[in-house]
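Please look at the sequence and the structure below before reading on. The briefing covers charged pairs and a surface patch.

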Amino acid sequence: MQHPSHESNNKNFLDTIPTTRRNFLINIGKAGLLASIGTFGAGCEAVNQGLLDRGFMPVILDDLPAAGLPKADMLVHTESPFNGEFAPHHLNDDVTPTERHFVRNNSGIPERAIKYDLNGWKLVIDGEVHKKLELSMDDLLHFPQVTMEVVLECAGNGRSLFVPEVSGTPWQRGAVACSEWTGVRLRDVLQEAGLKPTAVYTGNYGEDISNDSSEQFSRGIPIEKAMDENTLIALKMNGGVLPAAHGFPARLIVPGWIGSAMQKWLNHIWIRDRVHDSEKMSGYSYRIPKYPIEPGNKPPIEDMQIATAWRVKSLITQPQASLEFSTGHPINIRGHAWAGENHIEKVLVSTDFGVQWQETQLISPSNRYAWYHWETELTLTNKGYYEIWARAYDDIGNAQPFTQPWNPKGYLGNVIHRLPIFIIA
Ligand SMILES: Nc1nc2c(c(=O)[nH]1)N[C@H]1C(S)=C(S)[C@@H](COP(=O)(O)O)O[C@H]1N2
Ligand SMILES: [Mo]
């Protein structure tokens with residue numbers, strides 16, 4: 001935990017902001033590139049004036065280089081909005097460097113973030129509070145600053161492993177990371193505003209702009225989780241300024257919970273007297289069936305519930321998949337494990353498709369909600385094709401499944417990681 005003085009912190013903060021860059025917006029039509037328009041507002045105007053065909057909306061193209069995207073070695077799923085992840089062997093670090101953190105955007109990166117522009121920015125806290133707050137960055141830096149490592153994982157991580165296939169970004173295993181986040185406890189800010197007894201949920205809003213007809217991306221968390229000492233309004237990532245792609249100037253960090261709870265480009269927290277009922281909290285969005293369902297089946301909406309904490313999970317980050325090793329040569333196996341609100345008890349590995357399992361050495365996380373590390377050494381004495389399987393167990397009796405239980409949107413996938421290797425004579 002750090003409590004730097006306001007002055008030094010603020011100076012650091014401004015020193016690390018990169019030079020101003022520009023983003024742009026382009027409209028792409030049936031006939032290809034139609035027009036280049038300076039601002040999103042102008043784009044909307046073009047639509048309003050009927051300059052664009054019906055059903056033909058502007059597509060926001062972020063200035064990706066200005067936002068530091070794509071990152072080197074990234075597997076890019078979509079550029080607009082930008083979504084990209086890393087192969088597991090790129091995630092071997094104990095603390096994920098910023099340049100290896102996946103990026104998941106539902107819409108365009110706000111111009112303010114790309115320009116690292118604090119001008120006019122404030123964080124509004126309103127709704128079921130005694131005192132509405134409008135906090136500047138300076139105001140936020142006056143609260144005690146807290147630093148912790150936190151696993152951040154998209155609810156759809158592992159979606160590509162669902163059978164039958166589900167729609168949505170086909171994340172493999174890399175929409176997860178564990179970086180170091182610094183910021184203010186959300187609790188401290190909510191206490192300053194004074195919660196009314198009617199406060200039950202947050203409604204989180206960011207400055208991102210929607211590039212289709214859907215509502216602006218907004219999710220929320222129960223007041224109990226908002227008041228947890230580990231829930232942060234993060235202002236820094238890995239000791240540096242919060243990058244544009246990761247939510248400059250402020251984002252929520254909601255440890256143990258799915259990434260969508262961690263609103264980026266945060267500028268408004270509406271304290272609700274009911275469960276937040278935005279589009280992304282409703283229907284099949286970020287919701288899972290209340291009971292196990294047959295793969296391919298879609299339960300009625302009333303049988304869906306909000307996805308919250310992650311399930312027990314592990315990742316093999318070493319060796320890289322499909323490498324060749326010689327017979328009798330010891331192989332170092334390493335990875336991470338995490339379990340949402342729970343703790344990891346052990347991680348076992350198998351090289352014979354789950355017949356026999358062996359213990360690994362478990363290394364405790366730096367703080368609650370950071371990932372655990374595990375490692376072991378294996379020697380295979382016969383040539384052939386092998387798979388290293390890793391299976392994590394949490395402290396309340398759960399372990400990773402061998403095949404992926406199914407849900408309509410491919411959320412909370414935690415099937416065991418199978419890593420192929422070849423042993424040659
Ligand atoms: N404002 C805003 N916040 C957002 C999102 C978004 O599209 N807009 N995506 C969410 C989702 S679904 C995830 S998984 C995380 C991803 O955070 P990252 O891009 O820093 O990895 O941000 C969350 N916060
Ligand atoms: Mo996500």
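This is a predicted model: local features need pLDDT of at least 70, side-chain atom pairs count only at pLDDT 80 or more; totals for chains, interfaces and linings use all residues.

Residues are numbered from 1 along each chain as its sequence is written, chains are lettered from A and ligands numbered from 1 in the order in which they are written, and side-chain values use heavy atoms, with hydrogens and water left out.

Side chains of opposite charge can pair when their charged atoms come close. A search of the whole structure finds 13 salt bridges (a side-chain nitrogen of Lys or Arg within 4 Å of a carboxyl oxygen of Asp or Glu).

**R334 and D94**

- R334 and D94 form a salt bridge, with 2.9 Å from N to O.
- R334 belongs to strand β20 (residues 331-338) and D94 to the loop between β4 (82-85) and β5 (103-104), so this pair ties together parts 240 residues apart in sequence. Helices (H or I, at least four residues) and strands (E, at least two) are DSSP runs, numbered from the N terminus.
- R334 is buried, at 13% relative accessible area, whereas D94 is partly exposed, at 37%. Buried means under 20% relative accessible area, exposed over 50%, and partly exposed in between (1.4 Å probe, protein chains only).

**R112 and E207**

- A salt bridge of 2.8 Å, N to O, joins the side chains of R112 and E207.
- R112 sits in helix α3 (residues 111-115) and E207 in the loop between β10 (201-206) and β11 (218-219), so the pair ties together parts that are 95 residues apart in sequence.
- R112 is buried at 15% relative accessibility, and E207 is partly exposed at 24%.

**E387 and R418**

- The closest N and O atoms of the salt bridge between E387 and R418 are 2.7 Å apart.
- E387 is in strand β25 (residues 384-394) and R418 in strand β26 (residues 417-424), 31 residues apart.
- E387 is buried, with a relative accessible area of 7%, while R418 is partly exposed at 41%.

- K122, K132 and E134 are joined into one network by salt bridges that share partners.

**A nonpolar patch**

- F353, Y385, F422 and I424 make a nonpolar surface patch of about 360 Å². Patches consist of residues with over 30% relative accessible area and no salt bridge, with like charges joined within 9 Å and nonpolar side chains (Val, Leu, Ile, Met, Phe, Trp, Tyr) within 5 Å.
- F422 lies in strand β26 and is partly exposed, at 34% relative accessible area.

How values were computed
Accessible areas come from the Shrake-Rupley method with a 1.4 Å probe; for residues, only the protein chains shown count as cover.
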